[in-house]
Every structure is written in C-alpha cells, then in structure tokens.
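Morning, everyone. Please have a look at it first.

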Amino acid sequence: MSTIAQTTPVSAPARLLGRLLSGFAILFMLFDGAVKLVPLSFVTEAMEKIGYGSSETLARTLGLISIVCTVLYAIPPTSFVGAILLTGYLGGAIASHLRIDSPLFTHTLFGFYLGLMVWGGLWLRDKDLRTLLPFRR
C-alpha cells in the first residue's frame, strides 16, 4: 500500500510567481555578496557595528559564501541544496542582529522574510518540492 502524495503540475501563474520571488531573492543576495567582495566602507562599518570587526578578509569571505549559495539556488538541479545553504546563511544574519538588539521587524527579521521568499519561490516553481512538502489535506 503506497502513500506517495499525488501532485498536479505547477500552474503557469504559480510558476511565474515562484520565479519572481526567487528572482528577487537571487538579485538581492548577489548584490549583497558583490558589495561584500569589494568591500565598500558601509559594509565594514556595519560589520564593526554587529561585532565582527572591520575585517575586509571576513567581508570578502562572507561575500563569496553568499554568492556561491545563491548560484547553487539559481541553478535548478541544485536549487534545493542552495535553499538549504541560504537558510543557514540567513539564520546567521538573524542571530547576529538578535545579539546586538537590532530593530526586530526591519533588521532582525529581514533574513526571515528573505528566507520565506527563497523557499516560497522554490515551492511555487518546483513540483518535486511540492511532492516533498504537500500543503494539502
């Protein structure tokens, strides 16, 4: 007796919305990684404020990690792994903001909002993920 969930194909509007959500998340994370690779002065100042010091090497390392995770997320066969890695990266950002008592809804939970876009976009555009996480009765 098999209990594998049956899924319908992803509709065109759901796939479009999923691609839009994923596209926004990808663009933001690529921008975030790029400014850390340079690193611009506001990046090192923000890192100092968060408590990581103004190390350009650390900023570049975080930028590289961000870009690699985002590229993995952007490539369909590795998007699930990329989403998991981005979730960890964003969780670290949330923890960093919690530690210094940043404003809750604008700074601390921003990583959560971005994570919802990452997973929501992937769920809307990927029928395999819908099979793994069916939100039906």
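Is F110 buried, partly exposed or exposed? This is a predicted model, so what follows is computed from predicted coordinates. F110 has a relative accessible area of 35%, and that makes it partly exposed.

Now its partner. The structure holds three aromatic pairs. In one of them, the ring centres of F28 and F110 are 5.2 Å apart. The planes of the two rings meet at 65°, and because the cut-off for edge-to-face is over 60 degrees, the pair is assigned to that class. F28 is in helix α1, which covers residues 12-37, while F110 is in helix α6. The pair therefore ties together parts that are 82 residues apart in sequence. F28 is also partly exposed, at 33% relative accessibility.

Next, the surface. F28 and F110 both belong to a nonpolar patch of about 680 Å². Two helices, α5 (104-108) and α6 (110-125), each supply at least two residues of the patch.

Last, charges over rings. The charged end of R130 sits over the ring of W123, at 4.5 Å from the ring centre. For R99, the charged end sits over the ring of Y52, and the distance to the centre there is 5.7 Å.

That is what I have.

Conventions. Residues are numbered from 1 along each chain as its sequence is written. This is a predicted model: local features need pLDDT of at least 70, side-chain atom pairs count only at pLDDT 80 or more; totals for chains, interfaces and linings use all residues. Side-chain values use heavy atoms; hydrogens and water are left out. Patches are made of residues with over 30% relative accessible area and no salt bridge: like charges are joined within 9 Å, nonpolar side chains (Val, Leu, Ile, Met, Phe, Trp, Tyr) within 5 Å. Accessible areas come from the Shrake-Rupley method with a 1.4 Å probe; for residues, only the protein chains shown count as cover. A salt bridge is a side-chain nitrogen of Lys or Arg within 4 Å of a carboxyl oxygen of Asp or Glu. Helices (H or I, at least four residues) and strands (E, at least two) are DSSP runs, numbered from the N terminus. Rings of Phe, Tyr and Trp (its six-membered ring) pair if their centres lie within 6.5 Å; planes under 30 degrees apart count as stacked, over 60 as edge-to-face and the rest as tilted. Buried means under 20% relative accessible area, exposed over 50%, partly exposed in between (1.4 Å probe, protein chains only). A charge sits over a ring if NZ of Lys or CZ of Arg is within 6 Å of the ring centre and within 35 degrees of the ring normal.
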